[in-house]
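Subject: Structure for your files

Hello,

Here is the structure I said I would pass on. Please look at it first, and then read the notes that follow.

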Amino acid sequence: CQVDLSTLSKEQTHKLEMPLEEGEGCLVLLVTLTASAAVTISDLPVNSLEDQKEREEILKRYSPMMMFHNIKDVGFLQVKVIRAEALMAADVTGKDLFSKSDPFCVVELNNDRLLTHTVYKNLNPEWNKVFTFNIKDIHSVLEVTVYDEDRDRSADFLGKVAIPLLSV
């Protein structure tokens with residue numbers, strides 16, 4: 001399938017259901033167009049700080065000699081989203097003996113918003129993801145929210161935590 005990104009609003013998450021061209025079914029995407037280019041998601045074992053070359057670049061970028069080179073580039077934050085435990089059961093169906101949830105996690109810092117994958121039918125999901133954000137303001141607040149994915153309607157809220165960067 002093809003997506004024309006020019007038709008989408010910026011700084012807003014769009015749920016797209018795109019039919020596949022050479023086969024049956026459709027692809028469901030959550031797409032957010034944002035001005036930030038330095039936010040990343042990676043699997044937990046692939047941590048950029050463990051890469052020596054990447055580490056040297058970061059140390060050079062934030063050295064005292066570069067302090068006033070870019071006033072709005074304060075630093076970066078790596079958030080490791082490992083797992084959640086004992087989540088609320090949001091999906092109640094007559095087919096299942098036990099109620100479950102289909103949780104995914106959203107990590108937000110200012111206008112940067114990154115999501116984990118959904119772990120289906122699980123109240124103790126493991127995501128093992130590393131999110132990297134640029135920090136432009138030390139007064140920002142990191143928000144971590146867990147939702148239950150529902151295919152036919154908007155996601156259900158399961159919980160949230162807000163962490164001011166000054167407290168980290």
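Asn110 counts as partly exposed, because its relative accessibility is 47%. Before going further, please note that this is a predicted model. Asn110 is placed in the loop that joins E5 to strand E6 (112-115). The phi of Asn110 is near 55°, which is a positive value in a residue other than glycine. Most residues other than glycine have a negative phi. Ala86 is a further case, with phi near 55°, again positive in a residue that is not glycine. Ala86 sits in the loop between E4 and E5. Ala86 counts as exposed, because its relative accessibility is 66% and the cut-off for exposed is over 50%.

**The chain as a whole**

The protein chain holds one helix and nine strands. Read from the N terminus, the order of elements is β-β-β-α-β-β-β-β-β-β. The chain has 168 residues, and 30% of them are buried. Of the contacts in the chain with a separation of 6 or more, 55% are between residues 24 or more positions apart.

**Nonpolar cores**

Which residues have the most contacts inside the largest nonpolar core? They are Val79, Val107, Phe133 and Leu142, in a core of 19 residues. Two or more residues of this core come from each of strand E4 (75-83), strand E5 (103-109), strand E7 (126-135) and strand E8 (141-148). E7 gives the most to this core, with four residues.

Leaving aside residues up to four places away in sequence, Val107 touches Val79, Val81, Asp112, Arg113, Leu114, Phe131, Phe133, Leu142, Glu143 and Val144. There is also a second, separate core of five residues, among them Leu8, Met18, Val31 and Leu33.

**The largest pocket**

With three residues, E2 gives the most to the lining.

What classes of residue make up the lining of the largest pocket? Seven are nonpolar, three are polar and six are charged. By domain, at least three lining residues come from domain 1 (1-35), and at least three from domain 2 (38-47 + 74-167).

Thr145 is part of strand E8. Thr145 counts as buried, because its relative accessibility is 1% and the cut-off for buried is under 20%. Apart from residues up to four places away in sequence, Thr145 touches Phe104, Cys105, Val106, Glu108, Phe157, Gly159 and Lys160.

Gly159 belongs to strand E9 (residues 156-164). With residues up to four places away in sequence again left out, Gly159 touches Val144, Thr145 and Val146. Gly159 and Leu87 are 72 residues apart in sequence, with 8.5 Å between their C-alpha atoms.

**Towards the N terminus**

Leu27 is in strand E2. Leu27 counts as partly exposed, because its relative accessibility is 37%. Not counting residues up to four places away in sequence, Leu27 touches Cys1, Leu16, Glu17, Met18 and Leu20. Along the chain, Leu27 and Cys1 are 26 residues apart, and their C-alpha atoms are separated by 8.0 Å.

Ser6 lies in the segment before E1. Is Ser6 buried or exposed? Ser6 is exposed, because its relative accessible area is 64%. The C-alpha atoms of Ser6 and Leu33 are 9.7 Å apart, with the two residues 27 apart along the chain.

Regards

Conventions
Residues are numbered from 1 along each chain as its sequence is written. This is a predicted model: local features need pLDDT of at least 70, side-chain atom pairs count only at pLDDT 80 or more; totals for chains, interfaces and linings use all residues. Side-chain values use heavy atoms; hydrogens and water are left out. A nonpolar core is a set of buried Ala, Val, Leu, Ile, Met, Phe, Trp, Tyr and Cys residues joined through side-chain atoms within 4.5 Å. Buried means under 20% relative accessible area, exposed over 50%, partly exposed in between (1.4 Å probe, protein chains only). Contact means heavy atoms within 4.5 Å. Ala, Val, Leu, Ile, Met, Phe, Trp, Tyr, Cys and Pro count as nonpolar, Asp, Glu, Lys and Arg as charged, and the others, Gly among them, as polar. Domain bounds come from an automatic or database domain assignment.
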